[in-house]
Amino acid sequence: MNMGKNLTKSIPLIAGNWKMNMLSAGAKQLAGAVVKGAERLHSEIVLCPPSPLLGEVRTCLEHSKVALGAQDCHFQNEGAFTGDTSPALLKDIGCTYTIVGHSERRAYHQEDDTLIAKKAAAAHAVGLSTILCIGETEKERSDGKTLHVIASQLEKAIPASTTVKNCVLAYEPVWAIGTGKVAGIADIAEVHAFIAAKLPRLSGIRILYGGSVKAANAKEILATPHVNGVLVGGASLKAEEFLGIAEAAE
Ligand code: PEP
């Protein structure tokens with residue numbers, strides 16, 4: 001396992017965010033292929049399919065080392081919230097993780113850091129771990145505000161319930177998500193070191209990078225100090241590509 005340049009000795013987390021992709025037959029095929037390929041790998045692997053496919057994918061993951069994650073959750077465990085999914089239900093149907101604060105939720109559903117903190121706290125309360133996403137927009141980066149934005153998100157979006165065990169952070173520059181543009185290694189290193197230094201109470205928390213990761217660039221990204229795994233969107237929809245990313249962490 002390549003941890004030489006990493007400053008922490010955590011097990012890398014390779015998470016696949018399928019977003020609003022896949023129908024049931026393709027999901028079963030993809031999950032089955034990932035399960036098979038993961039047998040020889042040492043990283044922690046999580047698949048986050050769309051909510052209606054969670055049950056089906058869970059069945060494919062049974063007795064495997066691949067964990068199940070959701071893409072979002074509500075901050076309440078029951079009630080009149082049409083279309084939402086509670087953390088309690090996610091836990092009940094076999095999730096161990098849920099993503100919160102993904103930039104697509106922030107952009108298309110107007111989610112802010114306060115709401116994200118409430119969702120994360122609700123997830124923690126039922127025993128789910130969170131993959132909590134933060135990251136700057138292209139404009140914020142070009143205005144030189146990246147670290148300011150990251151500091152503010154860390155301050156507001158991380159609830160008091162957070163521990164190094166129940167939360168993984170994902171630094172995802174918004175402009176790198178689904179665009180094919182990857183942040184430079186020096187930029188990734190700078191932001192990840194900044195995040196680690198900002199959170200002395202959460203020393204050792206895993207910090208993933210996300211944004212156009214693929215098998216061809218994963219090794220370099222995963223070897224960057226303070227990068228403890230990756231959150232993968234588009235490239236997680238092809239088993240070979242996703243497994244190639246996980247291989248890069250070995
Ligand atoms: C994501 O959805 O979190 C993501 C990083 O997407 P992509 O890998 O497609 O950029």
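The model is predicted: local features need pLDDT of at least 70, side-chain atom pairs count only at pLDDT 80 or more, and totals for chains, interfaces and linings use all residues. Residues are numbered from 1 along each chain as its sequence is written, and side-chain values use heavy atoms, with hydrogens and water left out.

**Exercise 1. Describe the surroundings of the ligand and its backbone contacts.**

Step 1. Count the shell, taking a residue as near if one of its heavy atoms lies within 4 Å of the molecule. The ligand is surrounded by 14 residues, the closest being Lys19, Glu172, Gly178, Ser212 and Gly233.

Step 2. Sort the shell by class, where Ala, Val, Leu, Ile, Met, Phe, Trp, Tyr, Cys and Pro count as nonpolar, Asp, Glu, Lys and Arg as charged, and the others, Gly among them, as polar. The shell holds 8 polar, 4 nonpolar and 2 charged residues.

Step 3. Search for polar contacts (pairs of N or O atoms within 3.5 Å). A backbone N or O atom of Gly178 is 2.6 Å from a ligand oxygen atom. For Gly233, a backbone N or O atom lies 2.8 Å from an oxygen atom of the ligand, and a polar backbone atom of Gly234 is 2.8 Å from a ligand oxygen atom.

Step 4. The ligand taken alone exposes 290 Å², of which the protein buries 96%.

Step 5. Examine the backbone of two shell residues. Lys19, in the loop between β1 (13-17) and α1 (24-38), has a positive phi of about 50 degrees although it is not a glycine. Ser212 lies in the loop between β7 (207-210) and α9 (215-222), and its phi is near 60 degrees, again positive in a residue other than glycine. Helices (H or I, at least four residues) and strands (E, at least two) are DSSP runs, numbered from the N terminus.

**Exercise 2. Which pocket holds the ligand?**

Step 1. Define a pocket: on a 1 Å grid over the protein atoms alone, an open set of points with protein on both sides within 12 Å along at least five of seven lines, its lining residues having an atom within 4 Å of a point.

Step 2. Characterise the largest pocket. Its volume is about 540 Å³. Among its 19 lining residues, Ser51, Gln71, Asp72, Arg105 and His109 lie nearest its centre.

Step 3. Turn to the second largest pocket, with about 250 Å³ of space. Of its 20 lining residues, Gly178, Ser212, Gly233, Gly234 and Ala235 are the closest to its centre. The lining comprises 11 polar, 5 nonpolar and 4 charged residues.

Step 4. The ligand sits in the second largest pocket.

Methods. A polar contact is a pair of N or O atoms within 3.5 Å; within protein, one must be able to donate a hydrogen and the other to accept it, and residues adjacent in sequence count only if both atoms are side-chain atoms. Accessible areas come from the Shrake-Rupley method with a 1.4 Å probe; for residues, only the protein chains shown count as cover. On a 1 Å grid over the protein atoms alone, a cavity is a set of points where a 1.4 Å probe fits but cannot get out, and a pocket is an open set with protein on both sides within 12 Å along at least five of seven lines; lining residues have an atom within 4 Å of a point. A molecule sits in a cavity or pocket if more than half of its atoms lie within 2 Å of its grid points. Grid points are joined across faces, edges and corners, and a volume is the space filled by probe spheres set on the points.
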